[in-house]
Amino acid sequence: MSSVQVAVVTGSNKGIGFAIVRALCKRFPGDVYLTARDPSRGQEAVAKLQEEGLRVLFHQLDIDDLQSIRALRDFLKEKYGGLDVLVNNAGIAFKVHDTTPFAVQAEVTLKTNFFGTRNVCTELLPLVKPYGRVVNVSSMVSSSALGGCSRELQEKFRSDTITEDELVELMTKFVEDTKKSVHEKEGWPNTAYGVSKIGVTVLSRIQARMLNEKRKGDHILLNACCPGWVRTDMAGPKATKSPDEGAETPVYLALLPSDADGPHGQFLSNKTVRTW
């Protein structure tokens, strides 16, 4: 088993994920894994970084596929005895003008962005070694979507005692409410992406609390962040930040020094803690 440190970035064959991998290759003192659903796209991305003179490794990962997540888990356990840095970046978004029915958009978006991310955490968080760093890439849209929720929902999502099971129940209810076309009546905003990212931010707060309860002495720091409005296939060409600029806050959180005791359980943008 290797004593080398290891970092994994999900959904990293392009966009912000690719830029995060590039930065970690330059600054992280260990092995960095670029992951992608499609191995050929993943290998193409690896080749690009190798052309830049960077050393990077590849592992297949589709966060919608539990078997794929568990294959990565077993690989990391066997080869490294765990994991030092996990960046949950994989995510999807429908375009603003997409004509797919909203209920379908809700189910598909939540499946990947919330439930897929949660499955990765369920399988990989137990592998995170002492002084490990976990970064869940959320979005500022989670804040605006939170503002668009009913007061009752806002209270639940801001609660310091909400459990993971309760959060899962709420995310499931959103999808069900969209199918019945009652989501607005039930206090939800009209954004599936926004709700999925509320889920990611709140999940991060819950996970940080659990780490405090169960692994206090391990000095693991876990946060959610917004990379900003970044020029990617997802956000389009008008966005204000380059992918490398979008990677700055996730990379900052992934590389927090070992003597840092925070941030932890926070939501950050531009390397700054934001009020949730």
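Modeller: The model is predicted, and the count of disulfides in it comes to zero. Cysteine 25 is in no disulfide, the nearest cysteine sulfur being that of cysteine 225, 18 Å away. For cysteine 225, the closest cysteine sulfur belongs to cysteine 226 at 7.3 Å, which is too far for a bond because the cut-off is 2.5 Å. Cysteine 25 is buried, with a relative accessible area of 15%. Cysteine 225 also counts as buried, at 0% relative accessibility.

Now the sheet. Eight strands form an open sheet with mixed pairing, in the order β3-β2-β1-β4-β5-β6-β7-β8. Its edge strands are β3 (57–60) and β8 (272–274), each of which pairs on one side only. Direction ignored, neighbouring strands are turned by 30° against each other on average.

Strand β1 (residues 5–9) is largely enclosed by the rest of the structure, because four of its five residues are buried. Five bridges join β1 to strand β2 (residues 30–36), and the two run parallel. In this pairing, alanine 7 stands opposite valine 32 of β2. From β1 the chain crosses through helix α1 (residues 15–27) to β2, and this β-α-β crossover is right-handed. β1 is also joined to strand β4 (residues 83–88), by three bridges and again with the strands parallel. There valine 9 stands opposite valine 87 of β4. β4 in turn runs parallel to strand β5 (residues 128–137), with five bridges between them. Valine 87 stands opposite valine 135 in β5.

Helix α2 (residues 39–51) packs on it by touching β2 and β3, and its direction makes about 170° with that of β3. Helix α5 (residues 140–147) packs on the sheet as well, touching β6 (221–226), β7 (267–269) and β8; the angle between its direction and that of β7 is about 120°.

Another buried position is asparagine 113, with a relative accessible area of 1%. This residue is in helix α4 (residues 102–124). Leaving aside neighbours within four places in sequence, asparagine 113 is in contact with Gly91, Ile92, Tyr193, Ser196, Lys197 and Val200. A polar atom of its side chain lies 2.8 Å from the backbone nitrogen of isoleucine 92. Valine 251 is 138 residues from asparagine 113 along the chain, and their C-alpha atoms are separated by 20 Å.

The loops hold some backbone values to check. Most residues other than glycine have a negative phi, and most peptide bonds are trans. Histidine 219, in the loop between α8 (192–214) and β6, has a positive phi near 55°. Histidine 219 is partly exposed, with a relative accessible area of 38%. Asparagine 270 lies in the loop between β7 and β8 and has a positive phi of about 45°. Its relative accessible area is 49%, so asparagine 270 counts as partly exposed. A cis peptide bond joins glycine 262 and proline 263, with omega about -5°. Proline 263 lies in the loop between α10 (248–254) and β7.

Technical notes
Residues numbered from 1 in each chain as written. Predicted model: local features only at pLDDT ≥ 70, side-chain atom pairs only at ≥ 80, totals over all residues. Heavy atoms only, no water. Buried < 20%, exposed > 50% of the residue type's maximum accessible area, 1.4 Å probe, protein only. Contact = heavy atoms within 4.5 Å. Polar contact = N/O pair within 3.5 Å; in protein donor to acceptor, adjacent residues only side chain to side chain. Pairing = 2+ DSSP bridges. Right-handed = clockwise from strand over helix to strand, strands pointing away. Axes fitted to C-alpha atoms, helices over the stretch in contact; angles between N-to-C directions.
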